[in-house]
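Let's walk through this model together, from the overall layout down to a few local details. Please keep the structure open beside you as you read.

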Amino acid sequence: PKTLRLILGDQLNQSHSWFEEKSDDHIYFMAEMRQETDYVNHHVQKVLAFFDSMRNFASEIESQGHQMRYFKLDDPKNPQDLEKLIQQLVDDEGIEKFEYQLPDEYRLDEQLRSICENLKISTDSVDSEHFLTKRAFLEEFFKGKKTYLMESFYREMRKKYDILMDGKEPVEGKWNFDHENRSALKDSKLLKKAKTHSKDLSGLLEMIEKSGVKTIGKVDAKNFSWPTSREESLEVLDHFCKNLLIHFGDFQDALTTWDSFLFHSRLSFAMNSKMLSPLEVVQRVEEYWEGHRDKISISQVEGFIRQIIGWREYMRGVYWAKMPDYAEMNFFGHDRKLPDWFWTGKTKMKCLSEAIGQSLDLAYAHHIQRLMVTGNFALLAGIHPDEIDQWYLGIYIDAIEWVEITNTRGMSQFADGGIVGTKPYVSSANYIKKQGNYCDHCAYSPKEKVGDKACPFNSLYWHFYERNREKLEKNPRIGMAYRTLDKLKNKQEILDQAESYLSNINEL
Ligand code: FAD
Ligand code: SF4
């Protein structure tokens, strides 16, 4: 039958089995849609990256001899309504069947299901052939368990896909080298320049602006740096293996003003848009390591692979196990608004001005900036998880709900009450100071808990524990914190300091 096949903006998987066969009876279509640019205020670089990658993908598929219909944002034939567009194509092309790849977002899953119910022709959905597991795998794997332990899921993936394995045992005798992945970076000479690209996307930017799409953040559209094709994505991966892998694990948790990317791979967008598959990334990295075992230690490689076949895959499983309820969870009942400076980076707190500033400039912050700087502050200050989600979902180049919300509400905010994490990721200034040089350049003092110069993280940290005593004190991993808190001589003074910071949160 003459079949219409939808490809979403984050389904740029050239190796999908759909493309194995060329047939004029298979009509592929892609569309730049306002429903996607407008569901949250996105970073301008994110909108550019998606549209440019979609256009490159469509040209590639077309050049391989497939039938592709592409609708730009300002195309008069683009009705800006997915259902109408599908109906229009069905009528114009004499379509007998409609097919789509299962989307990664709950929102689109519902929408496509409802569109299919209304269509008068036959419909079908297929796997996107990107992840290592099917949607429901994690839920079945943890059936009957209250908490979903990432580590057991991760080991299962290692075994199943024979990654970093020595027969039935993990290579070099250990599953996890996390304890070796926590150093601060003391020597800036170790740093390598990121592999950036430099493309002129000013035409695309002009179209986006003319169409009235609202965005946040900055861009140098004449020198667009993110990979937007499979070829460019492979270059970034190659650069990672050759230059960054050697220190990835060591400085995974480092925080420094010297550089924005450190030894991180910058591959999240390429993977989340499916230009690269997670399995090919980890296999390439493992293979590179095999050839360089004399120089690169296992802790670098294991640390990287765990993020992808462990955390990334695990988050997707949690998403499908817990949506739509997950999006409403607010374990602590937090309800404060996000401070205004989250949108400008203008705060006296150096760690936050760095993390937010680079997010606005680059649509990027690395994991520890997201978790232990912005996320940590938001949790300590009691910001409503909806506000935090909107911010993370908009600002990062790699932010797609399935991986954003599980990281934000789950890992970072503990708003799920402990599905993803066993305890909240909170810290005082001590942790941030230990991980790098932010505190050396700050208007506040990391050592002080009270007074004008006292680092806000310090008093807010105790305020967080005090106000959530009922919810946390019985957690065996947290009890210690309460014993310390209750012994503090100036406890009340510290709590008052926190209150005063909270009532002037926009001035911090
Ligand atoms: P690297 O440090 O080089 O890591 C390699 C890869 O591992 C990443 O590309 C990513 O695919 C994967 N990875 C690492 N950590 C995680 C994780 N916790 N969950 C899932 N995958 C992971 N990641 C997103 O892709 N999209 C998001 O919207 C997103 N939002 C986040 C929000 C918060 C509050 C936190 C704490 C983390 C979030 N992450 C998100 C996870 C992580 O911070 C990013 O994947 C990473 O910073 C991307 O940069 P990189 O490619 O250089 O990563
Ligand atoms: Fe951040 Fe506090 Fe250190 Fe300043 S002193 S950089 S606010 S942790």
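A word on classes first: Ala, Val, Leu, Ile, Met, Phe, Trp, Tyr, Cys and Pro count as nonpolar, Asp, Glu, Lys and Arg as charged, and the others, Gly among them, as polar. This is a predicted model, in which local features need pLDDT of at least 70 and side-chain atom pairs count only at pLDDT 80 or more, while totals for chains, interfaces and linings use all residues. Residues are numbered from 1 along each chain as its sequence is written, and chains are lettered from A and ligands numbered from 1 in the order in which they are written.

Let's begin with the whole chain. The protein chain holds 20 helices and nine strands; helices (H or I, at least four residues) and strands (E, at least two) are DSSP runs, numbered from the N terminus. Its C-alpha atoms fill a box of roughly 80 × 50 × 50 Å along the principal axes. For 508 residues, a compact globule would have a radius of gyration near 23 Å, and the 24 Å of the protein chain agrees with that. Here the radius of gyration is taken over C-alpha atoms, and the globule rule is 2.2 Å times the number of residues to the power 0.38.

The chain is divided into domain 1 (3-126), domain 2 (137-322) and domain 3 (340-507), with bounds that come from an automatic or database domain assignment. Taken over C-alpha atoms, the centres of domain 1 and domain 3 are separated by 39 Å. Domain 1 and domain 3 each bring 10 residues to their contact, where two residues are in contact if their C-beta atoms, placed from the backbone, lie within 7 Å. On the domain 1 side, β3 (42-43) and α2 (44-63) each supply at least two residues, and the largest share, three residues, comes from α2. By class, this side of domain 1 has two nonpolar, four polar and four charged residues.

Now turn to the sheet. It is an open sheet of five strands in the order β4-β2-β1-β5-β6, with parallel pairing; two strands pair if DSSP finds at least two bridges between them. The edge strands, β4 (67-71) and β6 (122-126), each pair on one side only. On average, neighbouring strands of this sheet are turned by 25° against each other, direction ignored.

The pairings can be followed strand by strand. Strand β1 (residues 3-6) runs parallel to β2 (residues 26-31) over four bridges, and Arg-5 has Tyr-28 in β2 as its bridge partner. Four bridges also join β1 to β5 in the parallel sense, with Thr-3 standing opposite Lys-97 in β5. Further along, β5 and β6 pair in parallel over five bridges, and Glu-99 finds its bridge partner in Asp-124 of β6. Helix α3 (residues 82-93) lies across β1, β2, β4 and β5 (97-101), running at about 150° to β1. For that angle, axes are lines fitted to C-alpha atoms, for helices over the stretch in contact, and angles run from 0 to 180 degrees between N-to-C directions.

Ligand 2 has 13 residues around it, and Met-349, Cys-351, Cys-439, Cys-442 and Cys-455 come nearest. Both α12 (350-362) and α16 (429-434) supply at least two residues of this shell, with α16 giving the most, three residues. By class, the shell around ligand 2 has 11 nonpolar, no polar and two charged residues.

Most residues other than glycine have a negative phi, and most peptide bonds are trans. Gln-80, in the loop between β4 and α3, has a positive phi near 55°. The peptide bond from Met-323 to Pro-324 is cis, with omega near 5°, and Pro-324 is found in the loop between α11 and α12.

Technical notes
A residue is near a molecule or strand if its C-beta atom, placed from the backbone, lies within 6 Å of it.
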